[in-house]
Amino acid sequence: MHGCVGIAICYVLLLAMKAAPSETMLYLMVVTQGLIGYGVSAVYPSIMAELFHSRRFGQVFGTYSAISGFGAAVGPWATGALFDWTGDYQVSWAVALACCGISALGVWLAAPRKVRLVAGQAAKRAAEAA
């Protein structure tokens, strides 16, 4: 979810740069994309293992990877096609921002509502409750 927020902030900044272009906004977009957006991608497998722990984790992660790869392949092409069609990138950034929202909603809907206890936490919580 945090990765979606980071990338969404980038798209908002890209949309805003049309009205008020500045180097500061550009650098803010790049730093946000690197630290919040792509920085989270390194921990996606562990996040998904926590949310979707089961014997089918390989299938879940494989499906995520395939869909993610498809999006990575189609995204630049679609962005270029929208630019050719409209003459600027504003529609592309708006579509990408909407996709971030859909992605975040999908993760929220798919996530379990109860967080499982990890090793050592049950005894700690029992001691705190006593």
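## The nonpolar core

A nonpolar core is a set of buried Ala, Val, Leu, Ile, Met, Phe, Trp, Tyr and Cys residues that are joined through side-chain atoms within 4.5 Å. In this predicted model, the largest nonpolar core has 12 residues in all, namely I7, A8, C10, Y11, L13, L14, M17, M25, M29, W93, A96 and C100. Helices α1, α2 and α5 each supply at least two residues of this core, and α1 gives the most, with 7 residues.

One member of the core, M29, can be followed in more detail: once its neighbours within four places in sequence are left aside, M29 is in contact with C10, L13, L14 and M17.

## The largest pocket

The largest pocket has a volume of about 1600 Å³, and of the 44 residues that line this pocket, C4, Y44, S68, C99 and S103 are the closest to its centre. By class, the lining is made up of 31 nonpolar, 12 polar and 1 charged residues.

The largest share, 12 residues, comes from α5.

## A threonine in α4

Helix α4 contains T86, whose side chain reaches the backbone oxygen of L82 at 2.8 Å. Is T86 buried, exposed or partly exposed? Its relative accessible area is 36%, and because buried means under 20% and exposed means over 50%, T86 counts as partly exposed.

Key
Residues are numbered from 1 along each chain as its sequence is written. This is a predicted model: local features need pLDDT of at least 70, side-chain atom pairs count only at pLDDT 80 or more; totals for chains, interfaces and linings use all residues. Side-chain values use heavy atoms; hydrogens and water are left out. On a 1 Å grid over the protein atoms alone, a cavity is a set of points where a 1.4 Å probe fits but cannot get out, and a pocket is an open set with protein on both sides within 12 Å along at least five of seven lines; lining residues have an atom within 4 Å of a point. Grid points are joined across faces, edges and corners, and a volume is the space filled by probe spheres set on the points. Helices (H or I, at least four residues) and strands (E, at least two) are DSSP runs, numbered from the N terminus. Ala, Val, Leu, Ile, Met, Phe, Trp, Tyr, Cys and Pro count as nonpolar, Asp, Glu, Lys and Arg as charged, and the others, Gly among them, as polar. Buried means under 20% relative accessible area, exposed over 50%, partly exposed in between (1.4 Å probe, protein chains only). Contact means heavy atoms within 4.5 Å. A polar contact is a pair of N or O atoms within 3.5 Å; within protein, one must be able to donate a hydrogen and the other to accept it, and residues adjacent in sequence count only if both atoms are side-chain atoms.
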